Amino acid sequence: MSSIVVRVNCDAKSLVGISSIGRREKSVKVCSRIRFGSGGAVVAEPKRSSEERVYEVVLKQASLVREEKRGVNIEFDLQKTIEGDCSNGDILNSAYDRCGEVCAEYAKTFYLGTQLMTQERREAIWAIYVWCRRTDELVDGPNSSHITPTALDMWEQRLTDVFESRPYDMFDAALSHTVSKYPVDIQPFKDMIEGMRMDLRKSRYNNFDELYLYCYYVAGTVGLMSVPIMGIAPESKASTESIYNAALALGIANQLTNILRDVGEERGRVYLPQDELAQAGLSDEDIMSGKVTEKWRNFMKGQIKRARMFFDEAEKGVSELSSASRWPVWASLLLYRQILDSIEANDYDNFTKRAYVGKVNKLLSLPAAYGIALFGPKKLTKLFMR
């Protein structure tokens, strides 16, 4: 059994928000990009799409959950004491409490939704949220101008230490405990860090394939991290892969929505497919000028349609999650979809008008999400139509 040894060489100041989970399930051939032909000649395989590369990660995560269902799980030693005055239990309780406080401060709606979950699952989700928030703040926080690729390499090494039960601080301790209890793989966490590296070196995306990979890195990964914690409903007949695909789709949808909402606020970055901009008769200069034209409106209609397609894909899997875990996910889905509605209501002016969900609509969305989580979207509709 493993135990935690806390090495404190990073204070709480290192906590500096999370990018607030895909495509249709399908068979993907996994192969090397280089193979040997007849006579030993080297033949390059066609380049795989980003969707195919991400799907390999989905398959791996799904296989871990299937193993866990067969009884494969890692024990965690809560009895062995840590150097200092506190026992493991004392430190972990404090660590999880602090993670909950951070979640409550920066993601109030999501935090409220987690209250229906069991304490164990709730605390684990908080721990993952805090790690994702800290990671995101490395490149988008107040100290982002000082972040270098080397700093991200160090953060990734620290992540490895956390997964090997060598946390650096109390937030790490909560995550280390979490990943030892649930079938959570390190790959989505590493991929999120890779997304931060992309933000340091890349400010344009040639096509949607490139943008899809970025959205997976910074947001789709959250879904893959979360499904093992939230759990799959015992009565679910859906394949594990399809549920992970839905979680991935929600992350992609949320990130695409973030991108469309924040077009007028990006600092020299353009998170829109360059080839699609060109096809619409638009350029970076048009975006920088911030003028809403018919070309821009038509372009935005297409981008919003795509985001909604990912939300539709995500809906297929939310109802397959454990019943106690559905509320926060449905709340996130409903609220983010309304941001797209707000962009349309603003006549596609996401240069000078920020699209947001008002307090009243937020409050109305919570009971709606609760009802859908409890009865399912189809059954709830039938109840209201009676």
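## Contact between helix 13 and helix 14

R326, W327, W330, A331, L334, L335 and Q338 of helix 13 meet N361, K362, S365, L366, A368, A369, Y370, I372 and A373 of helix 14, where contact means heavy atoms within 4.5 Å. By class, this contact of helix 13 with helix 14 comprises 11 nonpolar, three polar and two charged residues. Here Ala, Val, Leu, Ile, Met, Phe, Trp, Tyr, Cys and Pro count as nonpolar, Asp, Glu, Lys and Arg as charged, and the others, Gly among them, as polar.

The axes of helix 13 (residues 326-345) and helix 14 (residues 359-375) come within 8 Å and cross at roughly 135°. Helix 13 is therefore oblique to helix 14; angles under 35 degrees count as roughly parallel, over 145 as roughly antiparallel, 65 to 115 as roughly perpendicular and the rest as oblique. Helix 13 passes helix 14 in a right-handed crossing, a crossing being right-handed if the near helix is turned clockwise from the far one by less than a right angle, and left-handed if anticlockwise. Axes are lines fitted to C-alpha atoms, for helices over the stretch in contact, with angles from 0 to 180 degrees between N-to-C directions. Helices are DSSP runs (H or I, at least four residues), numbered from the N terminus.

## Basis of the model

This is a predicted model, in which local features need pLDDT of at least 70 and side-chain atom pairs count only at pLDDT 80 or more, whereas totals for chains, interfaces and linings use all residues. Residues are numbered from 1 along each chain as its sequence is written, and side-chain values use heavy atoms, with hydrogens and water left out.

## Contact between helix 5 and helix 7

The axes of helix 5 and helix 7 (residues 187-201) come within 10 Å and cross at roughly 175°. Helix 5 and helix 7 are therefore roughly antiparallel to each other.

On the helix 5 side, P149, L152, D153, W155, E156, L159, T160 and F163 meet F189, K190, I193, M196, R197 and L200 of helix 7. The residues of this contact of helix 5 with helix 7 divide into nine nonpolar, one polar and four charged.

## Nonpolar cores

The largest nonpolar core has 94 residues, and those with the most contacts inside it are W131, L211, Y216, L272 and W296. Helix 8 (residues 208-230) gives the most to this core, with 16 residues. A nonpolar core is a set of buried Ala, Val, Leu, Ile, Met, Phe, Trp, Tyr and Cys residues joined through side-chain atoms within 4.5 Å. Buried means under 20% relative accessible area, exposed over 50%, and partly exposed in between (1.4 Å probe, protein chains only).

Leaving aside its neighbours within four places in sequence, L211 is in contact with Y205, L256, I259, Y271 and P273.

## Residues with positive phi

Most residues other than glycine have a negative phi. S165, however, has a positive phi near 60°. S165 lies in the loop between helix 5 (149-163) and helix 6 (170-181) and is buried, with a relative accessible area of 10%.

D347 likewise has a positive phi, of about 60°, although it is not a glycine. D347 is found in the loop between helix 13 and helix 14, and counts as partly exposed at 37% relative accessibility.

## Pairs separated in sequence

A246, in helix 9 (residues 240-261), is buried, with a relative accessible area of 5%. The C-alpha atoms of A246 and K316 are separated by 6.4 Å, although the two residues are 70 residues apart along the chain.

D312 belongs to helix 12 (residues 294-318) and is partly exposed, at 40% relative accessibility. D312 and L333 are 21 residues apart in sequence and 9.7 Å apart in space, C-alpha to C-alpha.

Technical notes
Helix = DSSP H or I, 4+ residues; strand = E, 2+ residues; numbered from the N terminus.
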